[in-house]
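Open your viewer and have the selection panel ready.

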Amino acid sequence: MADNKNLSIGVDLGGTKVAVGLCNNGEILKKSIFPTQASTGFDGVISTILQAVKTVVGDTPLKDIRGLGIGAAGQINPASGEVIYAPNLNWKDAPLGKTLESALGLPVKVLNDVRAATVAEQKFGNGKGLMNFGNIFIGTGVGSGWVINGKLLNGTTNSAGEIGHVCLDPNGPLCGCGKKGCLEAYSSGTGMENYVKAELKKGRESIILDMVEKDISKVRGPIIGKASEQKDPLAIEAIERVGYYLGIALANVHTLINPEVILLGGGMMALQSIFMPVLEKTMKEHILPVANKGILIREARFQNDAVLLGGAAIFA
C-alpha cells in the first residue's frame with residue numbers, strides 16, 4: 001500500500017447516501033457507498049457510517065490512519081464537530097464528530113459539504129497553490145466555500161460563503177430558505193425547474209410539456225437538458241437564465257474580494273455549454289475593469305468525489 005503516514009478517511013454524508021473512502025494524498029484507495037437511511041435517526045446513520053468505514057479500512061490498522069473527515073450538507077460547527085442543522089437528515093444539534101471519535105478512537109473533523117470540497121480543491125485540485133479562490137457548487141441548490149489568504153473562510157457563525165442566499169432581487173422568486181430573490185432561486189437546478197414550470201403554467205409552448213406527458217410537476221433538470229439538445233426555446237432560455245444571474249453574482253463577488261479564480265462544480269455543470277457563455281458575458285459587463293484579468297472562472301477538478309476527498313484532505 002502507499003505511504004501509510006498519509007492515510008486518512010473521507011466521508012460524504014448526504015441525505016440519500018454515505019460515501020466513504022480510504023485515501024492517500026488525494027487518491028482514493030478504496031471506496032464504499034451505503035444508503036444513508038436517514039429515517040433510522042442519528043444512531044442509525046452513525047451505524048451506517050461505521051459499517052462503511054469498516055468496509056474500506058479492511059485490515060489496515062487504525063493507528064496508521066491520521067483521522068476521519070466528514071463533509072455534511074447543512075450548518076456545521078467545525079470547532080465542535082456538531083451538526084447544528086441538517087434538513088436532509090432531519091438533525092438538529094447532533095454530536096456527529098464526538099460520537100464517531102468515541103466509536104473509532106480516531107481524530108474526527110466535520111465540515112459543511114461544499115467547504116470540504118473546497119479543501120479538496122485547495123490541496124489537490126484546481127485551487128492548489130492559490131491564496132484566494134472560491135469554489136461554487138451548482139446543483140439542487142447553490143453552495144460555496146472560500147479560501148482567503150490561504151485559509152478556509154468560516155465566518156463568525158460558521159455561515160460564511162452562503163452565496164446561494166445572496167439577494168439579487170427582493171421581489172424575486174421565492175427561495176427554499178423562505179426569502180425572495182436569492183441566487184439559489186435563479187441559478188440552481190431547482191430554480192431552473194421552477195422557472196420552466198411557471199412558464200408552462202402561463203401557456204408557453206415547449207416540447208417539455210410532451211416530454212412530461214402534460215404533467216408539469218414532473219419537470220426536472222435532465223428533461224430540460226434533453227429539450228435544449230432539440231433546440232427548444234424555453235429550455236435554452238431557462239438554462240441561459242442560470243448563467244445570467246450567476247454572472248451578476250460572481251461579478252459582485254469579484255468586486256468584493258478579488259479572488260484569483262472561482263471554481264464551478266456540481267450537477268448543473270452538465271449544462272455549462274449553454275449557460276457558461278452567458279455567465280462570462282454577464283460577468284464581464286458587471287465586473288470592475290481592474291478585476292477583469294486572466295481566467296476568472298474554471299471548472300472544479302473534483303466532481304462526484306469532491307466532498308469525500310475533501311474530508312480526507314483535512315488530515316492529509
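Begin with the hairpin that joins strand S1 to strand S2 through three residues. Select residues 7–13 for S1 and 17–24 for S2; helices (H or I, at least four residues) and strands (E, at least two) are DSSP runs, numbered from the N terminus. The two strands pair in the antiparallel sense over seven bridges, where pairing requires that DSSP finds at least two bridges between two strands. Zoom in on Gly10, and you will find Gly21 of S2 opposite.

A word on what you have loaded: this is a predicted model, in which local features need pLDDT of at least 70 and side-chain atom pairs count only at pLDDT 80 or more, while totals for chains, interfaces and linings use all residues. Residues are numbered from 1 along each chain as its sequence is written, and side-chain values use heavy atoms, with hydrogens and water left out.

Which way do the residues of S1 point? Leu7, Ile9, Val11 and Leu13 face one way and Ser8, Gly10 and Asp12 the other, and all are buried. Buried means under 20% relative accessible area, exposed over 50%, and partly exposed in between (1.4 Å probe, protein chains only).

Next, select Asn90, in the loop between strand S6 (82–86) and strand S7 (91–94). Its phi is near 60 degrees, a positive value in a residue other than glycine. Asn90 counts as exposed because its relative accessibility is 71%.

Move on to helix H5, residues 189–201. Its buried residues include Met192, Tyr195, Val196 and Leu200, and what covers the buried residues of H5 includes helices H4 (183–187), H6 (207–211), H7 (221–229) and H8 (233–257). Just after H5, check Gly203, with a positive phi of about 105 degrees.

In the loop between H6 and H7 sits Lys214, another stop for the backbone: phi is near 70 degrees, positive in a residue other than glycine.

Finish with H7 and H8. Their axes, which are lines fitted to C-alpha atoms over the stretch in contact, come within 7 Å and cross at roughly 120 degrees; angles run from 0 to 180 degrees between N-to-C directions. Show the side chains of Ile224, Ala227 and Ser228 in H7, which meet Ala235, Ile236 and Ile239 in H8, with contact meaning heavy atoms within 4.5 Å.

Notes
The expected span of a helix is 1.5 Å times one less than its number of residues.
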